[in-house]
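Student: Can we go through this structure together? I'd like to learn where the labels come from.

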Amino acid sequence: MKVAHLTTVDSSLEYLLLPQLLAVIEGGGEVVGISSPGSSVERLERRGVRHVALESSTRGFDLWADVRAAFELWQVLRRERPDVLHTHNPKPGLYGRVLGRLARVPIVVNTLHGLYATEDDRLAKRAVVYGLEAIASRFSDAELVQNPEDVALMRRLHLAPRAHIRLLGNGVDLRRFMSAPASGDRVRIRAELGVRDDTILVGAVGRLVAEKGYPELFGAMVRLDERFRLVVVGPEDPAKADALAPELLDEARGAGVIFLGERDDVDAIYRAMDVFVLPSHREGFPRAAMEAAASGLPIVTTDVRGCRQVVDDGVNGMLVPVRDEKALFEAISTFASPERRTAMGAAGARIAQERFDEDTCVQIVLDTYREVAHRKGIELT
C-alpha cells in the first residue's frame with residue numbers, strides 16, 4: 001500500500017500526522033509526504049517518510065501560488081501513482097481531493113481538521129466555505145471529521161455524502177505527556193525562564209497570530225498582579241494576514257511576557273506551567289489543549305467548537321467568551337488557588353486518558369482505508 005499525505009507545510013506532516021504515517025510504514029507500506037519543503041523534511045525522511053516538495057504551496061492567500069501548487073500536485077500524482085491520497089488543511093484539502101479523483105487515485109480520503117467557517121461567521125464567508133466544501137467532498141471516498149460539532153453541521157447542511165462522513169476525533173501521545181516528569185524538569189525550565197517557584201506561570205502554545213487570541217491574553221495578563229507571569233511557546237507566522245505586529249510583541253515583552261519560539265521539548269515546558277490558556281477565536285480540535293490536559297494542567301479557553309471538546313466547563317478548566325479580555329482575566333485569576341489548580345488539573349488528566357489517545361485515531365484512519373478499499377473492490381496489500 002502506497003499512501004500519500006498532502007498538507008500545506010511539512011511541519012504538519014511531522015507534528016500532526018507522524019503517527020499515521022509511521023503506522024503505514026510499520027505495516028509494510030510506503031508513505032509519501034507532499035507539502036512545501038522546510039526544516040521537518042530531514043527528520044521525516046529519517047523516519048522513513050519520503051518527501052515530495054510542492055514549491056508553490058503557501059499558508060497565506062495567494063491565488064496564483066495556489067494554482068501553481070495544484071499543477072505541481074497533478075504532476076506528482078501522475079508520477080507517484082499512490083493507492084491512497086489523504087488530504088489535509090483547507091487549501092490542499094480542496095484542490096487535492098479534486099485532482100486526486102481526476103488523476104484516478106484509487107482511494108481519496110480527506111481529514112477535516114475544522115471547518116474554516118462556523119455558524120457565527122458572516123453569511124458570505126459561510127456560503128463560500130460551505131459551498132467549496134460541498135463540492136470538494138464529492139470527489140473523496142471518505143471524510144474523516146475531527147470535531148463532532150462539524151459532523152452534525154455537515155450532516156444537517158449535506159456538505160458531504162452522509163455515508164462518507166466519519167467522526168475521527170483527535171489525540172496526542174499520552175505516553176509522552178502523561179509520563180512521570182523527568183527529575184528536575186520543572187525546576188530546570190523555570191530556572192531557564194527566570195521564574196521563581198512561587199510565581200504562577202501561565203502558559204500558551206501556538207503560532208503568533210491574532211486568531212489565537214494573543215492580543216486579549218496580553219491585555220488580561222497586564223491586569224493580573226505580580227504573582228502571575230506568561231510564557232508563550234510558538235513560532236511567528238508572518239505569511240498570515242493576522243500575524244502579530246512586532247510592536248505588539250515588543251510591548252508584551254516589556255510587560256514581562258516570555259517568548260520561547262518553537263520548541264521540541266514542550267512536554268517538559270508544560271510541567272513548568274501552572275495554568276494553560278488558549279483564547280482562540282476559532283479551533284478545529286486543539287492539540288495543545290489536549291497536551292496540556294494530559295500534562296495535568298487546568299485550562300482556560302474560549303467557548304468555541306474544538307475547545308468545548310477539550311474542556312468541560314468547571315471540571316478541568318473554564319470556558320470564556322471569545323475576544324473578552326475581562327472574562328479571560330477573571331478566569332485566570334481564579335487559579336491563584338493551588339487547590340483549584342490541582343483538582344482541575346487531575347480532572348483534565350482523567351479526561352485526556354478517556355478521550356485523547358492518538359492510537360485510537362490512527363486505527364480509525366487505517367480502518368477507513370480498508371473499508372473504502374473493500375467497498376470499491378480494491379485490494380490493498
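Tutor: Helices (H or I, at least four residues) and strands (E, at least two) are DSSP runs, numbered from the N terminus. This is a predicted model, where local features need pLDDT of at least 70 and side-chain atom pairs count only at pLDDT 80 or more, while totals for chains, interfaces and linings use all residues. Residues are numbered from 1 along each chain as its sequence is written, and side-chain values use heavy atoms, with hydrogens and water left out.

Student: Which residues of α10 and α15 meet?

Tutor: On the α10 side they are Glu216, Leu217, Gly219, Ala220, Met221 and Arg223, and on the α15 side Glu325, Lys326, Leu328, Phe329 and Ile332. These contact residues divide into six nonpolar, one polar and four charged. Here Ala, Val, Leu, Ile, Met, Phe, Trp, Tyr, Cys and Pro count as nonpolar, Asp, Glu, Lys and Arg as charged, and the others, Gly among them, as polar.

Student: Why is α10 called oblique to α15?

Tutor: The axes of α10 (residues 214-223) and α15 (residues 325-333) come within 8 Å and cross at roughly 55°. Angles under 35 degrees count as roughly parallel, over 145 as roughly antiparallel, 65 to 115 as roughly perpendicular and the rest as oblique. So α10 is oblique to α15.

Student: What makes alanine 163 exposed?

Tutor: Its relative accessible area is 72%. Buried means under 20%, exposed over 50% and partly exposed in between (1.4 Å probe, protein chains only), so alanine 163 counts as exposed. You'll find alanine 163 in the loop between α7 (148-157) and β7 (165-167).

Student: And why is arginine 81 called partly exposed?

Tutor: Arginine 81 has a relative accessible area of 44%, so by those cut-offs it falls in between. Arginine 81 sits in the loop between α4 (63-80) and β4 (84-87), and its phi is near 50°, a positive value in a residue other than glycine.

Student: What is asparagine 89's phi?

Tutor: It is near 70°, again positive in a residue other than glycine. Asparagine 89 lies in the loop between β4 and α5 (90-102).

Student: Which residues touch the most other members in the largest nonpolar core?

Tutor: A nonpolar core is a set of buried Ala, Val, Leu, Ile, Met, Phe, Trp, Tyr and Cys residues joined through side-chain atoms within 4.5 Å. The largest one has 37 residues, and Leu193, Val205, Tyr270, Met273, Phe276 and Val310 touch the most other members. Helix α13 (residues 287-294) gives the most to this core, with six residues.

Conventions: Axes are lines fitted to C-alpha atoms, for helices over the stretch in contact, and angles run from 0 to 180 degrees between N-to-C directions. Contact means heavy atoms within 4.5 Å.
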